[in-house]
Amino acid sequence: MKRDLAAELRRPSALSERAGKLVFSLCAAASLVTTGGIVAVLLHQTIGFLQAVPFTRLLTDTHWTPLFAEPRFGLWPLLCGTLLTTGIAMMVAIPCGVLAAIYLSELAGERQRRIVKPLVELLAGIPTLIYGYFALSLVTPALQQIIPGLSGFNALSAGSVMGLMLLPVVASLSEDALSAVPTGLREASHALGVRRTATIFRVVIPSASPGIAAAVLLAASRALGATMIVAIAAGQQPQLTLDPRDSVETMTTYIAQVSLGDIPTGTLEYRTIFAVGLCLFMMTLVLNVIAHRLRRRIHRQERP
Amino acid sequence: MSALESEIDPDATPEPKLQISHLDAYFNDRHVVRDITLSVPQRRVTAIIGPSGCGKSTFLRCLNRMHEHVPGARARGAVMLDGVDVYHPSINPARLRRHVGMVFQKPNPFPTMSIRDNVLAGHRLNGTHVDAPGELVERCLRQVALWDEVKDRLGRPGVSLSSGQQQRLCMARVLAVEPEVILLDEPSSALDPIATAHIEELIEELKERYTLVLVTHNLQQAARVSDYMAFFYLGNLVEFDRTDVIFTNPKESRTEDYLTGKFG
């Protein structure tokens with residue numbers, strides 16, 4: 001039987017190929033359109049808000065009480081609350097995460113690695129709500145035993161539990177960065193008679209530092225945007241304080257609080273959440289962009 | 001002195017620097033180096049040749065215990081450095097490697113360090129004091145004939161150099177810790193012919209002061225630079241002798257077959 005080579009080689013019909021391409025590109029566009037829409041809504045509402053409340057008042061006032069009879073719109077209390085919980089979270093997540101990454105990448109044997117790595121990553125799969133209750137009902141009472149005067153809702157407990165939540169983010173991405181360091185560098189160091197700890201801390205980690213920095217920044221941007229833990233365990237009182245024992249309200253908590261309430265749409269109170277949201281979005285955007293650049297730099301390094 | 005004497009009397013057998021006896025090496029269950037007994041003469045170049053997978057690199061890495069960093073690798077037997085068994089439990093492998101340095105196939109300067117810091121890396125990372133770091137850097141870079149090319153940019157990253165220059169930088173880095181033995185694991189196989197020629201010249205010069213062991217795929221290179229030669233096949237040492245003897249009058253037919261290209 002004569003084979004039909006022409007039929008075998010025939011390209012798929014132009015129509016089906018184009019339809020397929022369209023479906024794929026629409027899916028890809030969906031995320032782009034969503035981001036664009038969110039930015040547009042945030043900007044639109046924020047501009048409306050700024051027409052009523054000038055930008056300088058946001059920065060000069062020290063109280064945030066938009067729902068009171070005499071509203072005040074100082075952004076600092078929310079900003080402080082967010083930065084405080086984020087800072088505490090990072091103080092837990094960075095050392096624990098990086099040390100866990102060093103253990104996984106440099107010290108653990110193949111068998112330990114296969115067991116420990118999934119366990120660490122399991123932490124990332126726990127719903128944030130559960131972390132929140134863990135902070136409120138377990139960590140806070142425990143901390144109250146040690147620290148007198150710790151209020152029931154406080155930044156310390158919420159922040160440190162958030163740090164635990166972010167540990168796998170830091171650990172997993174840092175471990176990727178450490179594993180990407182060429183074996184040749186470790187060998188060069190060992191061959192010069194350098195001990196293992198010095199090799200890890202002075203050869204491997206410096207080479208992986210852009211990747212570790214990217215991991216830290218991504219975790220920080222997650223901490224800024226985290227809502228559930230701080231809403232449950234840090235309280236809802238906007239206070240201008242950097243005392244970790246105090247109750248604070250973060251930007252995310254405020255947005256959640258107002259969104260769940262019965263503020264009528266279109267009012268100034270309603271618009272506050274968009275202004276706060278835009279502020280939050282810009283902070284995380286900056287962190288994400290820096291992290292992205294760092295990661296791109298590593299990928300360039302890997303391909304000489 | 002002894003280097004000079006050897007020029008006068010090439011038949012004089014130099015003192016052994018390394019004495020390897022009954023060395024076996026394994027990767028898990030694979031027996032890759034089999035019962036090797038061999039003496040590496042002092043201040044000479046000893047080449048290890050053989051087809052891929054014959055265990056020559058593993059053998060080399062056993063000499064400064066670098067193979068221990070490969071998971072599942074172990075070795076048995078004795079390697080005596082000036083009469084001291086480097087596998088004795090009291091030996092610190094990190095200290096040993098300051099006496100038995102190593103240059104790898106792929107140039108691997110530290111990417112986060114400048115040219116200067118790469119040369120000083122052994123001292124800096126070990127926390128040993130250097131009296132005159134500037135002089136040490138210049139001396140080591142001169143030894144590898146890199147000084148004139150890089151003296152105006154010592155602060156630039158080591159990885160900004162060409163790969164041939166990087167490999168010479170790696171050799172300078174090894175020289176800076178003042179080893180007695182230098183192990184070279186196919187040091188020019190990733191380099192172009194001109195850079196290779198530079199490395200070979202360098203090996204010739206270094207043997208006046210150091211004992212060198214060179215693993216190479218390149219038979220011409222082994223013929224050009226080595227004084228002694230060991231032919232490995234399937235983990236066994238087939239023949240070890242002076243290079244000129246091996247090339248002109250091999251005792252084993254397998255050596256002759258390999259050298260004449262009948263297999264390998």
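Let's start inside chain A: Val276(A) touches Trp64(A), Leu75(A), Leu78(A), Met251(A), Tyr254(A) and Ile255(A), leaving out residues up to four places away in sequence; contact here means heavy atoms within 4.5 Å. The model is predicted, so local features need pLDDT of at least 70 and side-chain atom pairs count only at pLDDT 80 or more, while totals for chains, interfaces and linings use all residues. Residues are numbered from 1 along each chain as its sequence is written, chains are lettered from A and ligands numbered from 1 in the order in which they are written, and side-chain values use heavy atoms, with hydrogens and water left out.

Helices (H or I, at least four residues) and strands (E, at least two) are DSSP runs numbered from the N terminus.

How do the annotated spans look? In chain A, UniProt places "domain: ABC transmembrane type-1" at residues 79–291, from an unreviewed entry. That span is 77% helix and 0% strand, and its end C-alpha atoms are 22 Å apart. In chain B, the UniProt annotation "domain: ABC transporter", also from an unreviewed entry, covers residues 18–259. Here the span is 37% helix and 27% strand, with its end C-alpha atoms 26 Å apart. UniProt positions follow the numbering used here, feature names are shortened, and annotations may be inferred rather than shown by experiment.

Now to the second largest pocket, which is lined by 21 residues; Ser105(A), Glu106(A), Arg196(A), His69(B) and Pro71(B) lie nearest its centre. Helix 4 (76–107), helix 5 (110–122), helix 8 (183–191) and helix 9 of chain A each supply at least two residues of its lining. By class, the lining has 7 nonpolar, 7 polar and 7 charged residues; Ala, Val, Leu, Ile, Met, Phe, Trp, Tyr, Cys and Pro count as nonpolar, Asp, Glu, Lys and Arg as charged, and the others, Gly among them, as polar. On a 1 Å grid over the protein atoms alone, a pocket is an open set of points where a 1.4 Å probe fits, with protein on both sides within 12 Å along at least five of seven lines, and lining residues have an atom within 4 Å of a point.

Arg114(A) lies in helix 5 of chain A and counts as exposed at 55% relative accessibility. Buried means under 20% relative accessible area, exposed over 50%, and partly exposed in between (1.4 Å probe, protein chains only). The C-alpha atoms of Arg114(A) and Leu104(A), 10 residues apart along the chain, are separated by 9.2 Å.

In chain B, Thr46(B) sits in strand 3, residues 45–49, and is buried at 0% relative accessible area. Apart from neighbours within four places in sequence, Thr46(B) contacts Val40(B), Pro41(B), Leu212(B), Val213(B), Leu214(B), Tyr228(B) and Phe240(B).

Finally, two backbone details. Glu178(B), in the loop between helix 7 (163–176) and strand 7 (181–185), has a positive phi near 55 degrees without being glycine, and is partly exposed at 48%. Glu186(B), in the loop between strand 7 and helix 8 (193–206) of chain B, has a positive phi of about 45 degrees, but is buried at 9%.
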